[in-house]
Amino acid sequence: MQDNKLNRLALKAGVFYIIGQLFIRGITFLTTPVYTRLLSRAQYGEIRIYESWLLIMVPVMSLSLFRSVDRAKYDMGEKYNEYVSSVQALSYCSILGFFGLSMLFKPQLQKFWGMTDMMFIMAFLYVFGYTSILFMQRREKQMMRYKASILITTVTIVPATVLSILLIYWGRINGYLDSLVELRVWGFYVPQVIGGLIVAVLLWKQGGKFIQTEYWKYALKYSLPLIPEALSIQIMNQADKIMIQFLAGYDYTGIFALGTTVSFIIWIVEDSVWNAFLPWMYEKISQGEAKDIERPWTILMHGFGIMSWFLVALSPEIVAVLGSKEYRMAIFLIAPMVTGTLLRFYSYIYTAIQNYHKKTACVAVGTIVTMVINVILNYVCIIRFGYMAAAYTTAASYLILLVLQGYLEKKITGRRVVSLKKSVIVSAVYLALNLVTMELFALQWYVRYAAILAVTALAAKWILPQFLKVVKDFKK
């Protein structure tokens with residue numbers, strides 16, 4: 001009876017969480033055609049590089065303490081809100097320390113990051129605000145609640161998106177063409193900073209704790225080993241664009257960034273589903289029912305594999321909508337990019353299980369090794385083969401990450417929740433399928449569309465019934 005109640009709660013929270021995340025994060029994808037037409041290719045590339053630096057700064061400067069919220073639910077019990085409140089305060093102390101240190105080397109950092117004074121200050125304000133949102137989102141996710149998380153994200157992202165577009169348009173018609181990047185930064189990040197600081201106050205009010213050494217020790221012990229892992233993941237995610245900027249220039253970065261936006265389509269769905277799946281999986285493990293995890297996870301693997309193929313097959317149309325003719329070469333980046341995103345999703349299951357067992361240092365080892373390999377491959381291959389090589393080296397790196405994390409899971413826990421051999425085989429199949437599909441671009445459009453219809457029919461017959469059965473089992 002208790003298990004049935006858990007499944008119903010997980011299903012309800014998961015469905016609403018996925019819908020909310022699809023809407024919120026989908027805004028970023030839907031506004032890409034607007035940005036690519038209002039900005040030059042170099043300016044679009046500059047904006048995406050700025051976003052890349054922010055994604056690296058958040059987990060490092062906050063000490064990744066928000067990640068301990070997932071596991072703390074099972075150890076803190078009724079003191080869960082107190083824990084979140086206190087650890088958030090510790091994160092703010094860390095961010096403040098990083099800000100003070102950065103001010104000592106401000107000219108050097110600004111030059112390296114490519115930021116103006118305003119962009120530099122806004123970056124730190126964003127780290128403060130977004131860290132609080134991450135604390136709130138992870139707490140609500142673990143409690144299998146969705147309303148507050150969706151609400152706060154909606155009331156920050158929607159105004160931010162609208163304001164940034166209006167400011168860019170205003171800048172264009174008034175002749176401020178050289179200031180469009182700064183106008184976008186103002187419009188997009190100020191609402192998010194304000195929303196994040198409001199969330200910080202709410203979390204402190206609900207928890208009522210600031211300095212609590214017991215909670216700080218727990219969070220630091222859990223999260224500090226994850227900083228190298230979080231940094232490595234973000235470097236893997238962002239290094240290709242940053243290295244292209246340094247080695248090839250902002251123009252090529254813009255093309256590459258558009259390809260990344262297409263892979264963002266599948267990442268939106270993957271991340272939303274994962275955030276709904278993770279609390280249910282942790283509950284299953286805590287109840288000694290880990291055997292129930294592999295079957296639904298396998299169905300998810302195939303479902304997202306087929307979704308990645310559809311994105312590759314429709315690349316010419318997607319790129320035409322998102323960008324102008326200047327971005328057409330991005331169609332040859334999408335296959336390795338969406339496959340890399342797919343392989344990263346496959347690796348989540350192994351890192352999550354290590355995190356559940358509090359073996360966060362082991363998670364970091366596998367990720368750091370993969371990051372180093374990725375950076376070296378990016379540097380060598382971009383110089384030797386051009387900027388497009390970065391998409392293929394990143395996909396290869398995520399396959400290495402999958403294998404390493406799967407190996408470490410077995411070594412740490414002595415068992416596997418999901419077969420690594422199965423994951424590698426499924427990965428190889430979809431990698432080969434996606435790369436071969438690019439050959440369809442040279443054929444007549446109706447040949448490609450015939451292939452899409454055929455795969456749609458097979459997916460509807462094979463994957464959809466299994467997916468519906470998983471949902472039915474949850475309802476039971």
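Predicted model: local features only at pLDDT ≥ 70, side-chain atom pairs only at ≥ 80, totals over all residues.
## Basis

Local features need pLDDT of at least 70, side-chain atom pairs count only at pLDDT 80 or more, and totals for chains, interfaces and linings use all residues. Residues are numbered from 1 along each chain as its sequence is written, and side-chain values use heavy atoms, without hydrogens and water.

## Helix 7 against helix 9

Helices are DSSP runs (H or I, at least four residues), numbered from the N terminus. The axes of helix 7 (residues 117–142) and helix 9 (residues 180–207) come within 7 Å. They cross at roughly 40°. Axes are lines fitted to C-alpha atoms over the stretch in contact, with angles from 0 to 180 degrees between N-to-C directions.

Nonpolar means Ala, Val, Leu, Ile, Met, Phe, Trp, Tyr, Cys and Pro; charged means Asp, Glu, Lys and Arg; the others, Gly among them, are polar.

## Lining of the second largest pocket

Helix 11 (226–247) is one of the helices that each supply at least two residues of this lining. Helix 11 gives the largest share, 6 residues. The lining divides into 14 nonpolar, 2 polar and no charged residues.

## Aromatic pairs

The whole structure holds 30 aromatic pairs (Phe, Tyr or Trp six-membered ring centres within 6.5 Å). Y92 and W204 form one that is edge-to-face (planes over 60 degrees apart), at 5.4 Å centre to centre and 80° between the planes. Y92 sits in helix 5 and W204 in helix 9, 112 residues apart.
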